[in-house]
Amino acid sequence: VTAPLNDLRNLVGADHLLTEPVDVIPYSFDGTAELNQRPMAVVLPGTTEEVAACVAWAREHRVPVVTRGSGTGLSGGSVPVPGGLVLGLTRLDRILEVDPNNLTLRAQPGVITKAIDDEAARHGLMYPPDPGSLKISTIGGNVAENSGGLRGLKYGVTRDYVMALQVVLADGQVARLGSACVKDVAGYSLKDLFIGSEGTLGVITEVLLKLVPRPEARKTLLATFPSMATAARAITAIIAARIIPCTLEFIDQTTLRCVEDYAKIGLPVDAAAVLLMETDGHPAAVADEAARMEAIARAEGADRVQVAADEAEGARLATARRQAFSALARLRPTTILEDVTVPRTRLAEMVAFVSETARRHRLQIATFGHMGDGNLHPTFLTDERDAEEMARVHLALSEIVDKTIALGGTVTGEHGVGLAKKAYLKRQYDPASYTLLRAVKRALDPEGLLNPGKIFDLEPTPP
Amino acid sequence: MTPPVRSLRELDYGVLQQCMHCGMCLPTCPTYLTTKKERHSPRGRIALMRAVADRQFEAGAELAEEMNFCLGCLACTTACPAGVEYGTMFETARAELEANGSSGGGMRRFWRWLALEQIFLHPWRLQFVGWLLRFYQRSGLAEGIRALRLPYLLGQRLGDLEPQAPLMEAPFSDGRIGELERPPSGVPVRGRVGMLSGCIQSLAFASVNRATVDVLLANGWEVFTPRAQSCCGSLHAHNGAPDLAVRAAFALMARFDLGKLTAVITNAGGCGSHLKHYAGLFDAARHPKTAERAKAWDAKVKDIHEFLVETGFRPPEGRAPGRRITYHDSCHLAHGQGVRSAPRQVLRAVPGVELVELAESDLCCGSAGIYNVLQPEESQRLLDRKTDRIEQAGAAAVATANPGCHLQLARGLVQRGSSMPVVQPVVLLAEAYREESRSRA
């Protein structure tokens, strides 16, 4: 192995190839619980050409490649594969161009998501997708996972903002997909194949993003409810009233207490559930929507509706919500985060099923999520060292997945399949579509070296 | 609170397991920001420490190199929603690596023994060194010796270090502050507080100690300052010498009768963060009385700014010409103690001061105890970043509340050829009170 690694070292420079345990152990995981695999080596290329050369090297030596940004993924997408090479793109961290007239921004994949929105803000523009980890996640990782976020309800997800990509293909060739045109129907929408492909089809080395005008006004409301069911009903009522707020987040009491324990911003910890609601846009529209949402929340049984005094307070509330997942780790050693999503009208039913499942299996499940778009994050608070409890966790998980599919939902709304949801994907897909997944993979990565074993296994597994 | 343990394998596994590697700490870690390598990040270091506990990695020279590259600034603990006790892991790892010799031996061991054990635990010896240093700095001897490059005979590092030695400020604290001082007549007495004069602080920043006492007196507090205080042990705890830290804490606590004091005041961010956590040093099962006393002590220790704001301090009267001042958060004040707004409130109360925020104000300046000596390159990178931000803030002066930061910022500004002064909030407040009584007279 040494001779080929020397070639790789010569490609990127000694400082950018890591092979010693002290250097590679810290790349053995991402943000997903339970998953850990030490890579053979970590390579940190500095240009698209170097990325292409690394991929070509891997192909020549038949070494599997796992592309990685900041390693904050929540489905194990960037967890190394045995004997594999981690291709870290953090050095490709430049914003290349902002075009305020075409409303676009061109960036390398290692740019931090928040830095993109901050740059857009300097031009009076906004990059809407805002995953919980936006302060550290990379845009390349966001595109590869098709990340969502708090604003997904009104603004959509990462896919809705990707206009073009530069991609290194499995054979080391560089391809440009999509264009800077708002309308473009020239051929298959190949860029869309790569968005959400979780590093299994190619390596994204550049992105062209769509920006939108930054809303003039924003108002944040926090409503407390006596039960999870009343909160879920309020969400359905708001959507039924033809209001699409930018954010409609649900937080249960367990989550709320953990977040308050960390953030100390005076959250109503006695409430059974709270809704965090945010509207943005023209000041008059914002005032109108806020007033109507407040009235609906009260009519559906909210004990209290608190309006954030200013944008700073609203931002504090949203930031606190983004810390929910990590804050839950305060309670138990292992935190397993789920991402099931159902059509909005089935939300109340799904929330009730999660609580009932937790009770039946004697487990602690905290729930929060982007309820406005039906995206739930039931979070198992457990201990991976307790085999008996873990068995119950996986049983409960399986039941939640089956219920989700029965309600017409999806096993993952925004975290991706990776390794964590791989076992459930087959339940959701019919045989024809599952075969299609494999056909696409074989066409683009015939040797199966790009993030192998993620999303699905290439070879049909024995029944 | 975890009982004092000396190795990662003895450490409660739950502490190591608490990290769920979400990555929220990464954007706040100075060494990750400069290197973008996971091993130089909090979750990377935790992964290495956990690998030691899992017997998949050795607590050897490589881990020592990494743990010594960490500033111990605790920015990660502010960022961590999961409440990971990084400080505990950091101190345990450093202690284990010192004890097993992985951090180095030979001359390093000798200098370490001399400083940590023979000087900093003995106040009179420390003062003697202070006087020697002062004589050296004042007599012209320093210029001569530097011109001959004599310090370099003792090694490159010591040669580079010699001009960085803080200027001694004689008379030292004990010469400027009486053992018991009472508020001036006309100021009603609210109670009595103890004053921690510190080790380096009492030699190099004796005037800051004087200002702290003046501010307390002006607000009606009697101030009790025991003579010849020794180091609080923060230096020892952060540098892998937990047993010496225990000795230091025990000796210092013995100097104060807590029952008679409303609070024990510290004015150095780095010390305060350690002073408030003495309980963690003592094993409650083996030394119940000392552990109990340490708990009471932790509750009484207050940072001066925190104490002023909590008890309500009188804003000085008067008008002064407008002065734009920016504020740099000491890591162990902001991240270690959560004291952020109080020093700013003190600054805003000073007549004429307009506080302008400093970008990345709570990112470490690279001083970090003796980090600037041990890791000069990384320290300089962080100092450059800090001085850039200070220059961009458009202020006439930069304030901070920790001796290490004060010296580091002053050095960085001198390097840039800037004449911008470094000040401390409590000194400005003391000056404003003095100005007030002068204008009344």
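A polar contact is a pair of N or O atoms within 3.5 Å, where within protein one atom must be able to donate a hydrogen and the other to accept it, and residues adjacent in sequence count only if both atoms are side-chain atoms. The model is predicted, so that local features need pLDDT of at least 70 and side-chain atom pairs count only at pLDDT 80 or more, whereas totals for chains, interfaces and linings use all residues. Residues are numbered from 1 along each chain as its sequence is written, chains are lettered from A, and side-chain values use heavy atoms, with hydrogens and water left out.

**View 1. Polar contacts and a salt bridge between chain B and chain A.** Across this interface there are 15 residue pairs in polar contact, both residues being at pLDDT 80 or more. Helix 3 of chain B gives the largest share of the side that touches chain A, 6 residues (helices are DSSP runs of H or I, at least four residues, numbered from the N terminus). B:Glu38 forms a salt bridge with A:Arg68, the closest N and O atoms being 3.0 Å apart (a side-chain nitrogen of Lys or Arg within 4 Å of a carboxyl oxygen of Asp or Glu).

**View 2. The aromatic pair of A:Tyr429 and A:Tyr434.** Rings of Phe, Tyr and Trp (its six-membered ring) pair if their centres lie within 6.5 Å, planes under 30 degrees apart counting as stacked, over 60 as edge-to-face and the rest as tilted. These two rings are edge-to-face, 6.3 Å centre to centre with 80° between the planes.

**View 3. The stacked rings of B:Tyr86 and B:Phe90.** The ring centres are 6.1 Å apart and the planes lie at 25°, so the pair is stacked. B:Tyr86 and B:Phe90 are 4 residues apart in helix 6 of chain B, which separates them by about one helical turn.

Key: Helix = DSSP H or I, 4+ residues; strand = E, 2+ residues; numbered from the N terminus.
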